[in-house]
Amino acid sequence: QVQLVESGGGLVRPWDSLRLSCVASGDDFSKYAIAWFRQAPGKEREFVAVVSLTNTIRYYAEDVRDRFTVSRDNAKNTAYLQMNGLHPDDTAVYFCAADLKTLTTPYSRFPDDYEYWGQGTQVTVSS
């Protein structure tokens, strides 16, 4: 069992940057892969990025690969999503999610594979 709380969202202009944080509590944070998803109004929740247990493997959706960076600091029980070069299409509620990892489970880009979720933080990009 792990609880997740996102923060750092807000209203920004195109080309601006934001850094989202996901603070975990309850269970050992280092046992979980941490992913970021986002959901815009009327759309399905979509994968953004995932980071491995020790911050050595990171995967990204194609739309954000060159602009976003996912990371984690296990000593602080916190994961981050650094978002640069934001544009209006990035507007969404951003969620962090946790998946208890084993050596045989993949780093998934599907929401159903993550069992713990934060409440989300709104990111709005508008000129």
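Colleague: Are C22 and C96 buried or exposed?

Modeller: Please bear in mind that this is a predicted model. In it, C22 is buried, and C96 is buried as well. A disulfide joins C22 to C96, with an S to S distance of 2.1 Å, and the structure holds one disulfide.

Colleague: Which parts of the chain does the pair link?

Modeller: The linked parts are distant: C22 lies in strand β3 (residues 18–25) and C96 in strand β9 (residues 92–100), 74 residues apart. As for handedness, the torsion about the S-S bond of C22 and C96 is about 70°, so this disulfide is right-handed.

Colleague: Which residues touch the most other members of the largest nonpolar core?

Modeller: In soluble globular proteins, nonpolar side chains tend to be buried together. Here the largest nonpolar core has 38 residues, and L81, M83 and Y94 touch the most other members. Among the elements that give two or more residues to this core are β3, β5 (46–51) and β9, while β4 gives the most, with six residues.

Colleague: What does Y94 contact beyond its neighbours within four places in sequence?

Modeller: The contacts of Y94 include E6, L20, F37, L81, M83 and V123.

Colleague: Where is S52, and why does S52 count as buried?

Modeller: S52 is in the loop between β5 and β6 (58–60). Buried means under 20% relative accessible area; S52 is at 2% relative accessibility, so S52 counts as buried. Its side chain reaches the backbone nitrogen of T56 at 3.2 Å. Not counting residues up to four places away in sequence, S52 touches I57, R72 and Y107.

Terms used
Residues numbered from 1 in each chain as written. Predicted model: local features only at pLDDT ≥ 70, side-chain atom pairs only at ≥ 80, totals over all residues. Heavy atoms only, no water. Disulfide = S-S within 2.5 Å. Helix = DSSP H or I, 4+ residues; strand = E, 2+ residues; numbered from the N terminus. Buried < 20%, exposed > 50% of the residue type's maximum accessible area, 1.4 Å probe, protein only. Core = buried A, V, L, I, M, F, W, Y, C linked by side-chain atoms within 4.5 Å. Contact = heavy atoms within 4.5 Å. Polar contact = N/O pair within 3.5 Å; in protein donor to acceptor, adjacent residues only side chain to side chain.
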